[in-house]
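Please read the following explanation alongside the sequence and the coordinates.

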Amino acid sequence: MLSNLKKQTAENFPIHLDFQATTPCACEVIEAMAPFWSDQWGNASSKQHREGLKAAAAVNLAREKLASWFNVNPKQIIFTSGATEANNLALLGHARAKAKLLKKKGHLITLRTEHHAVLDPMRQLQAEGFELTEIQPEPDGLLKLDKLIQACKKETLIVSIMVANNEIGVIQNTQEIAEICQKKGITFHSDISQAFGNLKTHSHFSGPDLMCLSAHKIYGPKGIGALVMNQEIILEPLHWGGGQENGIRPGTLPVPLIIGLAKAAELAMSGLNERSNRLKMLRNQLWENLKRGTPDLLLNGCLENRLPNNLNFTVTGVSGSQLHRALRRFVSCSSGSACTRGLPSHVLIALGRTKKEAEASLRLSLGRDTTLEEINRASMEISKVIYELRN
């Protein structure tokens with residue numbers, strides 16, 4: 001449990017169920033960062049004096065802690081401003097570097113339901129002359145491996161599939177995807193922002209050659225993330241101006257944020273199994289409550305292979321804007337990613353929902369301190385709002 005988070009009660013509205021968008025910073029993380037804002041304020045690149053050496057030592061320790069969980073060399077951890085930058089660095093940097101090495105543009109594969117932090121860089125590479133295949137997922141949101149095998153070509157350089165979808169929460173079979181890519185000599189990239197700290201098994205993170213994560217998804221600070229890369233991976237920098245991060249990502253390292261990321265990762269892995277089981281039980285209870293009040297709700301994505309804290313469904317027969325406006329007072333939730341620019345969810349459209357259905361959909365995501373009381377009250381208020389809008 002996070003001691004600094006405000007405990008909600010049945011009378012405390014709105015009940016927050018949008019923890020996939022972001023999470024509050026845990027008090028343990030704030031405490032770990034505190035000395036590095038003022039007391040130990042040195043530049044980690046200034047190795048000629050004590051203040052800089054202290055900062056560098058703290059960054060090295062944080063890097064080692066993160067690397068140990070992924071079972072990689074600390075040099076394989078590149079700190080970024082978040083998963084968006086990490087995805088751009090991984091995809092643009094690796095594709096361009098490979099194209100220079102091979103002296104020709106290659107082929108890229110992704111899924112239509114990927115986050116825009118993956119789709120947009122991929123489409124930028126397409127504009128630069130790379131060939132791009134966006135695979136259509138199955139109606140349950142999962143990737144059919146036969147489609148991936150059929151999409152692969154001799155020229156394929158990168159396959160990018162996230163471990164767990166940020167909107168519908170479905171968990172892809174990354175182990176088999178990794179095996180397919182390894183056999184064909186293709187780089188496998190995965191955005192693990194939503195999966196890290198939520199999935200009990202480490203196997204999901206052992207296959208990709210490039211992985212990207214953000215601290216603010218795991219009760220850490222905003223503005224820091226990391227790229228975890230295989231030793232054989234080559235990258236071309238997106239920016240120039242310094243030799244930090246092995247010359248791959250220049251700029252003064254944000255020491256407090258790096259410390260915060262390492263602490264948040266430590267907390268995320270602590271008590272993970274118990275927390276995951278509890279959240280899955282609460283999520284299932286939420287879905288049962290909602291289906292009891294409104295039997296015709298349409299679930300988006302596979303329920304079995306799903307993040308334990310995610311629920312996404314469509315409410316038919318109501319206006320999406322009216323639904324969200326009416327719920328705002330009682331429940332904090334969304335219709336999809338916080339990065340959708342106000343447009344209907346491209347994820348739900350890819351699953352076959354109409355624009356109207358996508359707008360009338362709810363993504364409910366539980367937090368570490370979400371209680372059964374909150375689940376019961378939220379489901380009651382949501383059912384009540386749907387009934388009133390329909391009648």
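Ser160 counts as buried because its relative accessibility is 0%; buried means under 20% relative accessible area, exposed over 50%, and partly exposed in between, computed with a 1.4 Å probe on protein chains only. The model is predicted, so local features need pLDDT of at least 70 and side-chain atom pairs count only at pLDDT 80 or more, while totals for chains, interfaces and linings use all residues. Residues are numbered from 1 along each chain as its sequence is written, and side-chain values use heavy atoms, with hydrogens and water left out.

Ser160 is found in strand β5, residues 156-160. Helices (H or I, at least four residues) and strands (E, at least two) are DSSP runs, numbered from the N terminus. The C-alpha atoms of Ser160 and His189 are separated by 4.6 Å, although the two residues are 29 residues apart along the chain. Leaving out residues up to four places away in sequence, Ser160 touches Leu91, Ile109, Thr110, Leu111, Glu114, Val118, Met122 and His189, where contact means heavy atoms within 4.5 Å.

Helix α3 (residues 83-102) and helix α4 (residues 116-127) pack at an angle of about 25°, with their axes 9 Å apart. Axes are lines fitted to C-alpha atoms, for helices over the stretch in contact, and angles run from 0 to 180 degrees between N-to-C directions. The two helices α3 and α4 are therefore roughly parallel to each other; angles under 35 degrees count as roughly parallel, over 145 as roughly antiparallel, 65 to 115 as roughly perpendicular and the rest as oblique. The crossing of α3 past α4 is right-handed, the term for a near helix turned clockwise from the far one by less than a right angle, with anticlockwise giving left-handed.

On the α3 side, the contact is made by Thr84, Asn87, Asn88, Leu91, Leu92, Ala95 and Arg96, and on the α4 side by Ala117, Val118, Pro121, Met122, Gln124 and Leu125. By class, the residues of this contact are eight nonpolar, four polar and one charged. Here Ala, Val, Leu, Ile, Met, Phe, Trp, Tyr, Cys and Pro count as nonpolar, Asp, Glu, Lys and Arg as charged, and the others, Gly among them, as polar.

Helix α3 also holds Glu85. With a relative accessible area of 15%, Glu85 is buried. Beyond residues up to four places away in sequence, Glu85 touches Thr80 and Arg249.

How many residues of strand β8 (residues 225-229) are buried? Five of its five residues are, so the strand is mostly covered by the definition of buried given above. Gly225, Leu227 and Met229 point one way from β8, Ala226 and Val228 point the other way, and all are buried. Strand β2 (residues 77-80) is joined to β8 by four bridges and runs antiparallel to it; two strands pair if DSSP finds at least two bridges between them. Within this pairing, Phe79 has Ala226 of β8 as its bridge partner. Strand β7 (residues 210-214) is joined to β8 by five bridges, again antiparallel, and there Met211 has Val228 as its partner in β8.

Another sheet is open and consists of three strands in the order β9-β10-β12, with antiparallel pairing. Its edge strands are β9 (298-299) and β12 (361-365), each of which pairs on one side only. Two bridges join β9 to strand β10 (residues 310-314), and Leu299 stands opposite Phe313 in β10. Helix α8 (residues 272-293) lies across β9, β10 and β12, running at about 20° to β10.

Next come the loops. Asn198 is found in the loop between β6 (187-191) and β7, and is buried, with a relative accessible area of 14%. Its C-alpha atom is separated by 8.4 Å from that of Arg275, 77 residues apart along the chain. Not counting residues up to four places away in sequence, Asn198 touches Leu272, Ser276, Leu307, Pro308 and Asn309.

Most residues other than glycine have a negative phi. Tyr219, which is not a glycine, has a positive phi of about 65°. This residue lies in the loop between β7 and β8, and Tyr219 is buried, with a relative accessible area of 4%. Asn246 also has a positive phi, near 60°, and is found in the loop between β8 and α7 (255-269). Is Asn246 buried or exposed? At 54% relative accessibility, Asn246 counts as exposed.
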